[in-house]
Every structure is written in C-alpha cells, then in structure tokens.
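Biologist: Could you walk me through the helix packing and the charged pairs in this one? I'd like the terms spelled out as we go.

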Amino acid sequence: MRRRWLIALIASTVAIIAFGVYGVTTSPGAVVAAPSPTISAEVAEAPASTPVPAPTPTSAPSSPPQESPELTATRYFAAWQAHDISSMTGLVADPPADFAERHRSFDADLRVSSLSLTPVRLRRQSEEAAEMSFQGVREVAGLGRWTFSSVLHLGLRAGAWKVLWTPETLHPSLKDGESLRLKEAQVRRPATLTREGLLFPRDSRAGDYVTGLGGTAVVLSLEETNSGRVLLASPPLPPIKTRSTISRSVQAAAARALDGTERPAAIVAVDVQSGQVRAVADTLGGRRAFNGLYPPGSGFKVVTAAALLRTGLSPESPVACPATYTIPNARTFTDSDGTDHGTVSLTTAFALSCNTTFVQQTYERLRDDRLRAEAADRFGFREKPGLSSCRIRPYGSPDELGSDSIGQNSAQASPLCMAEVAAAVASGVWRPAIMTAEPPADSPPPVPLDEGVAGGLRTMMSAVVTQGTAAQAGLPPETFGKTGTAEVAGAEDHAWFIGYRGSLAFAVFVQNGGAGGKVAAPIAARFLNAL
C-alpha cells in the first residue's frame, strides 16, 4: 500500500514538471512539444482519493506584436503621400527633432508638388527587423517626373513595429550627409528665325509659339550638393537658329494690326497651298489661337453652305430670308438685322449673313446628319492630331441642329481651325496647318472638296466683301471672306472674320469684341493692307 502511494506521489511531481516545460515551449516563436505518453499512463494508475495539485505555469507568455511590418509600412507610405507628418512621426521610432522640418524643407526647396509611392518587396532580416523596398515618383515644378528607389527600415520596439528612419529614406542620395539642391541658371535662348532666316519683328506677339523671342531662359537642374551629380535636368534647348514657317513681313503685319485692340485677340495666317503657318499674333494667351475653342458664329456658315451646295443648291438658288423663322414645333430664330428680305439668292443670303435662311435650309435638307459629317469629314471638326482644335457633336434636337448651322451650340473652333476652313475654299483641298517643312507622320491626310462646292463658296465669299457684311471694312480688292458674330451667354459677342487673298488664308478673332463686320473685318483690312 505504501509502495502504491509513493508511485502516485512521484507521478504527480513529474506531471507538474512536464506541464511547466510545456507552458514555456508554447511561447510565441518556440516549437511546441507534446506531453510524454508514459507520464500520462503513470498518472492514470493513481488512486481516485489521492489529491493531485493543479499545475502552475513557470512563466507567462509574452504579448504578440500589435501589428505586422507590412501594415506599419503601408500606414507610413499613406501618411507620407498625404503629407500627414504628424501620423508619420507617430510611426517612427525615436524621430529626430527636425523630422517634420526636414520633410517640409525637402519639398519646398526642391519644388516637389506631388509624391506617389509603390511598395516593392518586404524582407524579414530577423524576428525583430525587416525592410521594405519601394519606388517613388515626385513631380518637380519645371522639371516633371523624378523617379527614385529606396528602402524603409523597420524594427520591433516594445511589441510594435516602427519605422527606423534615416535621411536616405527621403532619397538615397541623402546618405552619409549628402544634400540635394535645385539649381537655376539663366541662359540665352536660341532664337527661332523666320522662314527667310531673319529675326522676328519686335513685339511680334508670337512668343508662345516659337522660342528665343524673350532673349533668355531658365534652365533647372536637380543635383547632389557635394558630388555635383545631376539627378534631373531641364530638356535641352532647341538647336540654335532654327527656322520656322513664319514669314517676317506677314508676322509684322499681323502684330501691328492688333495694335490698339483692347480685347484679347488673335490673327492667324496660313499658306493656301502648303498649310504652313505664316503668322500668328496672339494676345489671348495660352496658345489659344491654335487650341482655344470658341463658337465660330456665322463664320461657320462656310461649312453649312458647303453641305447645302452638296444637296443640289447653287449660289443662284432662290431661298427665303425672313426676319424670323420657326422650326416646326420648335424654336424661333431671328435674323440679326430684324429685316424681312423676302426671297433672295443663296449668295445674297450668305453675304447678308441671314440666320433664318441657313436654319431653315439646314432643317429641310440636312437632318440626316449631313451638317456634322461635312464639318467633321471635310473641314477638320473632329478630334485629330495636329495644331488646330475644332469640334461638333451629333445634334439631339431640331433646335440644336438649327443652332449648329449658324456656328452656335456644339460648333466650336480655334482661330487656326477657321483659317484652315478659309484655306480649303481657296485651294479646293482641306489640309491641316503645320509649322514644319513637311507634314508630320501622323498628320491627317488632305481632303479634296468638290470643285463645284469650292467654286460656289468662292462666289459667295466674294459677295460678302463686295456687297455684304464686310463691304464697309476697307478690305483690299480680291479679298474673299465671311464675317462672324458669335453669341456668348452672359457676355458680349465674339467677333470673327475669316477669308483669303492671294496665297494667304487667315482668321481674325476678337474675344467678346462685338460684331464681326464692325470689329474683326477692319482688323483684317489693316493686316492685308500692310502686306
């Protein structure tokens, strides 16, 4: 009996020791060991009356980390991209006192406007250390995209993963006390010359379109201060003495024609046969003479007339020119002079810029999308490569079709686009304007107009100058043109005059200038008379 009690006591003691070992080996990161089956068998033989003490663990398991290194890195990158320096500081172990100022001055001194970060790969170096490689892209004002690769070091501190920040976290070039600077240098800009090899005339108003007219340029470089290694630099300036397609005499005439014009304005002239730009005088700013979009008003009637001539009308065809015209069950349109001219030829209606005529004829003859097709397919009113901008949408109602026909609603064009329209009438072929010796490889192909259509448009544009809305503008003989007055909601009308004379086609545009015949056509006269 004594022997059996002794065996039970020994078994209990061994069980307590075994449980303590088991409690230690199940702590985080350790290998778990199973209890010995032999010890379990001995305990089973103990009498039921023998008390077995409850096992007590020899040590408590440690708390698991609060987050993973991946999660810390993700939070840090998100805060960094959002410029949330407070959150970044909270994720860094022992951040330097100037941590926030380093980030602010880095962005300010190097003119960084945005930052994007992309994690690449996490590598665990040990149970308490890891590093996340990442790629970044900064946008630097004046220089563009600045790409870099770096590493975010992480460590386990007091049960939580923290960023182990060093200066090279900002950029690898900051290692070992190196610094970065944005260097500015004033350099003489290589001047673009005219097609004759001459300097541009003074105050040419073409500075947005060619280089060198301002005399100097600022060249930027982002470099390491100590080593001088350049990380990012301005693109090289164009070759010295590059010739343009601009004619010096035509450019001078265009620039001087805008003298005294108080409203923003532009004159664009192109060679009829080649499409090369011969002049661009622009006070609109932002290269809007090429890419600005404005309602062309009655200047668009050149396109509408082309579509009508293609339906079988001729310049002599009789048409109504009433004071008002109401589209059936839709809007009423009013002629600008409020006069009922009765029945006139299509040429006379064009010369008088009779809105009611063109709305009525468009509604009756062009409801099958012919107007938009004419504009898009034969006059460039579509998205396309090239210098000019113009567009028109499919109409959604008779009211919209009527407005499109007189250059309102969805019809929009830049001055260069309308100069292309005038050049197409003069040459019989629509071609995109260019500022190079030959059209670029992706340039839209030329589009021939029917000779009958082109001839009819020439007759009608001549009548505008000899007996129509531009007859009092002082234009020289053999000028062909079309006035345009485009309505603008809440503002004064835009003034247009487009046309051609000899080898030059042109467009004159005055933003919110008023009536085309009274404002734009006289400017065109000054331009042409100075050539």
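Modeller: Let me start with a term: a crossing is left-handed if the near helix is turned anticlockwise from the far one by less than a right angle, and right-handed if clockwise. By that rule, the crossing of α8 and α10 is left-handed. Please keep in mind that this is a predicted model, in which local features need pLDDT of at least 70 and side-chain atom pairs count only at pLDDT 80 or more, while totals for chains, interfaces and linings use all residues. Residues are numbered from 1 along each chain as its sequence is written, and side-chain values use heavy atoms, with hydrogens and water left out.

Biologist: What angle do α8 and α10 pack at?

Modeller: The angle is about 40°, and their axes are 11 Å apart; axes here are lines fitted to C-alpha atoms, for helices over the stretch in contact, and angles run from 0 to 180 degrees between N-to-C directions. The two helices are therefore oblique to each other, given that angles under 35 degrees count as roughly parallel, over 145 as roughly antiparallel, 65 to 115 as roughly perpendicular and the rest as oblique. Helices are DSSP runs of H or I with at least four residues, strands are runs of E with at least two, and both are numbered from the N terminus.

Biologist: And which residues in α8 and α10 meet?

Modeller: From α8 they are Lys301, Thr304, Ala305 and Leu308, and from α10 they are Asn355, Phe358, Gln361, Thr362 and Arg365, where contact means heavy atoms within 4.5 Å. Sorted by class, that contact has three nonpolar, four polar and two charged residues; Ala, Val, Leu, Ile, Met, Phe, Trp, Tyr, Cys and Pro count as nonpolar, Asp, Glu, Lys and Arg as charged, and the others, Gly among them, as polar.

Biologist: How many residues of α10 are buried?

Modeller: Nine of the eleven residues in α10 (residues 355-365) are buried, so the helix is mostly covered, with buried meaning under 20% relative accessible area, exposed over 50%, and partly exposed in between (1.4 Å probe, protein chains only). Phe358 and Gln361 are among the buried ones.

Biologist: Now α8 and α11, how do they pack?

Modeller: Helix α8 (residues 301-310) and helix α11 (residues 370-378) pack at about 115°, with their axes 9 Å apart. That makes α8 roughly perpendicular to α11. On the α8 side the contact is made by Val303, Thr304, Ala306, Ala307 and Arg310, and on the α11 side by Arg370, Leu371, Glu374, Ala375 and Arg378. This contact of α8 with α11 has five nonpolar, one polar and four charged residues.

Biologist: Switching to charges, which residues are linked in a network of salt bridges?

Modeller: Arg310, Glu374, Arg378 and Asp450 are linked that way, a salt bridge being a side-chain nitrogen of Lys or Arg within 4 Å of a carboxyl oxygen of Asp or Glu. The structure holds 14 salt bridges.

Biologist: Where does the pair Arg181 and Glu223 sit in the chain?

Modeller: Arg181 and Glu223 form a salt bridge with their closest N and O atoms 2.7 Å apart. The pair links distant parts of the chain, with Arg181 in strand β5 and Glu223 in strand β6 (residues 216-224), 42 residues apart.

Biologist: Is Glu223 buried or exposed?

Modeller: Glu223 is buried, at a relative accessible area of 6%, whereas Arg181 counts as partly exposed at 36%.
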